[in-house]
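Student: Could we go through this structure together, beginning with the charged pairs and moving on to the chains and their interface?

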Amino acid sequence: MAAGLHISISAETLLNVGGIAITNSMLTSLVVSGLIIAFAIIVRLQLKDTNSPRGLQNFAEWIVESLHNLVHSVTGDLKKTRLFLPFIGTFLLWILFNNWLGLLPGVGTIRMIENSTEVHEAASAEKATEGEMHSSVVGQVYAVEGEEPVSTHEEVLELVVDEGEMHLEESDDTHMDVMAGEVHEELEQGAEEHHVKAVPIFRPGTADLNTTIALALVSVFLTQVFGVQALGLSYFKKYINFSNPIMTFVGFLETISEFAKVISFAFRLFGNIFAGEVLLVVISSLVPIIAPMPFYGLELFVGFIQALVFAMLSLVFFNMATQSHDEH
Amino acid sequence: MDIQLTQILFQIINFSVVVGALSFLLYKPVIKIFDERSKRIAEGEKAAAKAQKAYADIEQKQKSVEAELKKERNKVIKEAQAEATERKEVIIADAKAKAKAEHDEMRAQWENEKAMLLKKAEKDMAAAVITVAEKVIGDALDEKKASKLIDTELKNIIKAL
């Protein structure tokens with residue numbers, strides 16, 4: 001049962017495009033972006049200036065109005081609300097759908113067989129350090145096949161068995177018979193475990209630290225932009241203030257807090273969503289029927305809460321940045 | 001945990017594209033619709049308030065006109081009543097006077113007729129009594145007897161009447 005578990009803390013590479021490794025979380029977030037943009041395009045094409053909207057327009061208006069009211073409840077200023085709404089709304093929707101997409105059947109379970117040379121080499125090197133027989137044999141195989149790397153499970157097994165037989169022919173020792181048999185078994189298992197790697201095609205975008213760092217950086221960067229836009233260069237007095245030693249120290253703390261924000265934003269979201277994914281994988285592998293259902297409900301809730309927390313914190317930081325220090 | 005700058009940049013661009021697309025395709029057009037709808041509602045409310053004010057003014061005017069009309073009507077009714085009462089009294093007085101005059105005239109006429117009839121009846125009766133008495137008594141009555149008899153008979157007749 002445990003053999004079915006696939007838990008990886010970092011996103012896995014699916015393919016390389018122009019030197020950029022496309023990971024499964026990048027693919028998922030691209031799908032989410034595509035779906036959100038497609039929805040927006042459909043809504044835009046159906047928009048009518050009517051007093052009684054229906055269907056999709058009604059739904060879209062409900063979303064935008066709810067987001068507008070949410071932002072306005074914090075800012076209390078229509079100008080600021082209109083300025084922050086696109087970012088806060090997109091944070092909420094994008095993170096929410098990235099979180100929820102991970103709960104769909106197929107995400108994390110539909111896998112692609114990865115057959116790159118690097119993986120085999122990395123796996124064999126890893127096993128070699130552990131001193132396992134099959135790994136050393138695989139290492140020999142690669143040494144032999146150095147010019148033309150093996151790429152599939154079957155090929156690896158065939159070559160290793162050939163290699164085993166070669167060793168057996170060289171030696172008459174009966175011990176080698178047993179050893180060759182063990183090697184074959186271990187190789188078969190080892191090849192399955194390390195060389196033929198099944199990578200999930202989809203992984204929730206927010207279950208990848210790179211995504212959450214990107215979002216955190218955008219949030220903190222926008223905070224500075226809105227701060228400067230509202231207060232001019234005096235905004236930086238918050239960080240650099242030599243009027244008295246206390247203010248200098250406070251400025252230093254504020255600077256540190258900006259970096260802390262990135263870390264807290266990124267790790268909070270990543271930690272919650274990744275932990276949820278692991279929880280679901282473990283529960284589903286232990287009791288595949290019925291038992292995971294409450295956890296799916298919980299993850300739906302956690303996904304929404306985390307998106308809301310990220311968006312609300314960003315909103316509060318944006319709003320605070322636009323208020324002068326005297327207002328604080 | 002594998003932190004890759006290219007992946008971070010990719011996600012920043014990805015997110016920025018979504019922000020731009022949603023801003024252009026969803027938030028701005030929908031908010032524009034909200035604004036226009038709010039404007040229309042505000043205009044409608046303003047027009048409704050204006051109409052309500054006009055209605056209230058008209059109602060006020062109507063009430064004042066009604067009050068004035070009521071006042072006028074009461075005045076007219078009062079005047080009419082006074083005039084009617086006056087006329088009634090005049091008519092009644094006239095009628096009473098006329099009736100009295102007619103009554104007096106009739107009475108006078110009746111009195112005259114009665115007197116005339118009585119006189120005639122007296123004469124006729126006297127003649128008849130004398131005739132009857134002469135026939136019964138077979139004797140001619142003298143003037144003194146005749147007059148006594150007539151008075152007696154007349155008193156009887158008047159009594160009978």
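Predicted model: local features only at pLDDT ≥ 70, side-chain atom pairs only at ≥ 80, totals over all residues.

Student: Why do B:R40 and A:D49 count as partly exposed?
Tutor: A residue counts as buried under 20% relative accessible area and as exposed over 50%, with partly exposed in between. B:R40 has a relative accessibility of 32%, so it belongs to the partly exposed class. A:D49 belongs to that class because its relative accessibility is 39%.

Student: Are B:R37 and A:E61, which also form a salt bridge, buried or exposed?
Tutor: The closest N and O atoms of B:R37 and A:E61 are 2.9 Å apart. Because B:R37 lies in helix α1 of chain B and A:E61 in helix α2 of chain A, the pair joins two chains. As for their accessibility, B:R37 and A:E61 are both buried.

Student: How many salt bridges are there between chain B and chain A, and how many residue pairs are in polar contact?
Tutor: One of the salt bridges between the chains is the pair of A:E61 with B:R37. By class, the side of chain B that touches chain A has 20 nonpolar residues, together with five polar and five charged ones. The counts between chain B and chain A are three salt bridges and eleven residue pairs in polar contact, with both residues at pLDDT 80 or more.

Student: What is the area buried between chain B and chain A?
Tutor: The size of an interface is often given as the accessible area lost when the parts come together. In this model, 30 residues of chain B are in contact with 48 residues of chain A. Carbon and sulfur atoms give 74% of the buried area, and that area is about 3600 Å².

Student: Which residues are linked with A:E258 in a network of salt bridges?
Tutor: The side chains of A:E258 and A:K238 meet in a salt bridge, with an N to O distance of 3.9 Å. This pair links distant parts of the chain, 20 residues apart, with A:E258 in helix α9 (residues 245–286) and A:K238 in the loop between α8 (209–231) and α9 of chain A. Both A:E258 and A:K238 are buried. The residues linked with A:E258 in the network are A:K238 and A:K261.

Student: How many helices and strands are there in chain A, and in what pattern do they follow along the sequence?
Tutor: Chain A has 328 residues, of which buried residues make up 41%. Among its contacts between residues at least 6 apart in sequence, 72% join residues at least 24 apart. The chain has ten helices and four strands, and read along the sequence they follow the pattern β-β-α-α-α-β-α-α-α-α-β-α-α-α.

Student: How many helices and strands are there in chain B?
Tutor: Of the 161 residues of chain B, 16% count as buried. The accessible surface of chain B comes to about 13200 Å², with 60% of that surface belonging to carbon and sulfur atoms. As for its elements, chain B has two helices and zero strands.

Student: Why does A:N99 count as buried, and which residues is A:N99 in contact with beyond its neighbours within four places in sequence?
Tutor: A:N99 lies in helix α3 (residues 78–101) of chain A. Its relative accessible area is 3%, so A:N99 is buried, the cut-off being under 20%. Leaving aside the neighbours within four places in sequence, the contacts of A:N99 are A:T206, A:L269, A:I273, A:G303, A:Q306 and A:A307.

Student: What is the phi of A:I290?
Tutor: A:I290 is found in the loop between α9 and α10 (292–321) of chain A. At 61% relative accessibility, A:I290 counts as exposed. Although A:I290 is not a glycine, its phi is positive, at about 65°.

Key. Residues numbered from 1 in each chain as written. Chains lettered and ligands numbered in written order. Heavy atoms only, no water. Contact = heavy atoms within 4.5 Å. Buried area = accessible area lost by both parts, 1.4 Å probe. Salt bridge = Lys/Arg side-chain N within 4 Å of Asp/Glu carboxyl O. Polar contact = N/O pair within 3.5 Å; in protein donor to acceptor, adjacent residues only side chain to side chain. Nonpolar A, V, L, I, M, F, W, Y, C, P; charged D, E, K, R; others polar. Buried < 20%, exposed > 50% of the residue type's maximum accessible area, 1.4 Å probe, protein only. Areas by Shrake-Rupley, 256 points an atom, 1.4 Å probe, with all protein chains shown as cover.
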